[in-house]
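Here's a quick briefing to read with the model open in your viewer. Have a look at the structure first, then work through the notes below.

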Amino acid sequence: MSLNKTILVLIIVLSGVSLSAQGPGPGRERIKTLKIAFLTERLSLNSKEAEVFWPIYNQHEAKLGELRKKERKLIQNSNWDFTNGGNEKELKEYLKIQLQYRDEKHELETGLINQIMEKLSPKKAILLIKAEEDFKKRLLKQYRKRRN
């Protein structure tokens, strides 16, 4: 790793650590910090590219987080009980809402990829998709390893 990349990763990690006091918990902040370092390395972002990439990506993550929060709140505050089968009307309403959330998530993902292609390059957009999948796989693998 070049000196510029090392300095960039160090700055990002330290800024992530300083934000952890305000976050939801040390576990999530640690994962967020690891993800930042992982994506920076996998995308081979130089300092100029990082200045373009991270504001776009952080805005995307914030919107996605709000969408997930809204979805969880709706489900927690609902009276849906599918253990006994539920009635047809409730099932259709639940599915309609779930499909709306999936559409919104898809729109967010599409917008992110289009912005990365436009501002950086199609190659970086592809690397981002692959890196996010690899990070999820690695995280799940570690989780399963710790559970066993």
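**Aromatic pairs**

At 10% relative accessibility, Trp-54 counts as buried (buried means under 20% relative accessible area, exposed over 50%, partly exposed in between, with a 1.4 Å probe and protein chains only). Bear in mind that this is a predicted model: local features need pLDDT of at least 70, side-chain atom pairs count only at pLDDT 80 or more, and totals for chains, interfaces and linings use all residues. Residues are numbered from 1 along each chain as its sequence is written, and side-chain values use heavy atoms, with hydrogens and water left out.

- Tyr-57 is buried too, with a relative accessible area of 2%.
- Rings of Phe, Tyr and Trp (its six-membered ring) pair if their centres lie within 6.5 Å; planes under 30 degrees apart count as stacked, over 60 as edge-to-face and the rest as tilted.
- By this rule the count comes to 4 aromatic pairs.
- One of them is tilted: Phe-38 with Phe-135, at 5.5 Å centre to centre and 55° between the planes.
- Phe-38 sits in helix H2 (residues 26–43) and Phe-135 in helix H5 (residues 122–147), so this pair ties together parts that are 97 residues apart in sequence.
- Both Phe-38 and Phe-135 are buried.
- For Trp-54 and Tyr-57, the ring centres are 5.7 Å apart and the planes are at 90°, so that pair is edge-to-face.
- Trp-54 and Tyr-57 both belong to helix H3 (residues 47–77), where they are 3 residues apart, about one turn of the helix.
- Phe-53 joins in as well: ring pairs link Phe-53, Trp-54 and Tyr-57 into a cluster.

**Overall layout**

- Going by DSSP runs numbered from the N terminus (helices are H or I, at least four residues; strands are E, at least two), the protein has 5 helices and 0 strands.
- Along the sequence that reads as α-α-α-α-α.
- Of the 148 residues in the protein, 26% are buried.
- Counting contacts (heavy atoms within 4.5 Å) between residues at least 6 apart in sequence, 66% join residues at least 24 apart.

**The nonpolar core**

- A nonpolar core here is a set of buried Ala, Val, Leu, Ile, Met, Phe, Trp, Tyr and Cys residues joined through side-chain atoms within 4.5 Å.
- The largest one has 17 residues, and those with the most contacts inside it are Phe-53, Trp-54, Tyr-57, Ile-116 and Leu-128.
- H2, H3, helix H4 (88–119) and H5 are the elements that give two or more residues to this core.
- H3 gives the most, with 5 residues.
- Leaving aside neighbours within four places in sequence, Phe-53 is in contact with Leu-43, Leu-45, Ile-116, Leu-120 and Leu-128.

- H4 and H5 pack at an angle of about 140°, with their axes 7 Å apart; axes are lines fitted to C-alpha atoms, for helices over the stretch in contact, and angles run from 0 to 180 degrees between N-to-C directions.
- H4 and H5 are therefore oblique to each other (under 35 degrees counts as roughly parallel, over 145 as roughly antiparallel, 65 to 115 as roughly perpendicular and the rest as oblique).
- On the H4 side, the contact is made by Glu-109, Leu-112, Ile-113, Ile-116 and Met-117; on the H5 side, by Pro-122, Lys-124, Ala-125, Leu-128, Ile-129 and Glu-132.
- Ile-31, in helix H2, is partly exposed with a relative accessible area of 34%.
- Ile-31 and Leu-139 are 108 residues apart in sequence and 8.5 Å apart in space, C-alpha to C-alpha.
- Beyond neighbours within four places in sequence, Ile-31 is in contact with Phe-135 and Leu-139.

- Most residues other than glycine have a negative phi.
- Ser-44 has a positive phi of about 50° although it is not a glycine.
- Ser-44 is in the loop between H2 and H3, and at 36% relative accessibility Ser-44 counts as partly exposed.

**Confidence**

- pLDDT is the predictor's confidence in each residue, from 0 to 100.
- The protein's mean pLDDT is 81, and 76% of its residues reach 70 or more.
- Among the elements, helix H1 (residues 3–19) has the lowest mean pLDDT (49) and H5 the highest (92).
- Over residues 13–23 the pLDDT is below 50, and beyond near neighbours in sequence this stretch has 8 contacts in the model.
- Where pLDDT is low, the predicted coordinates should not be read in detail.
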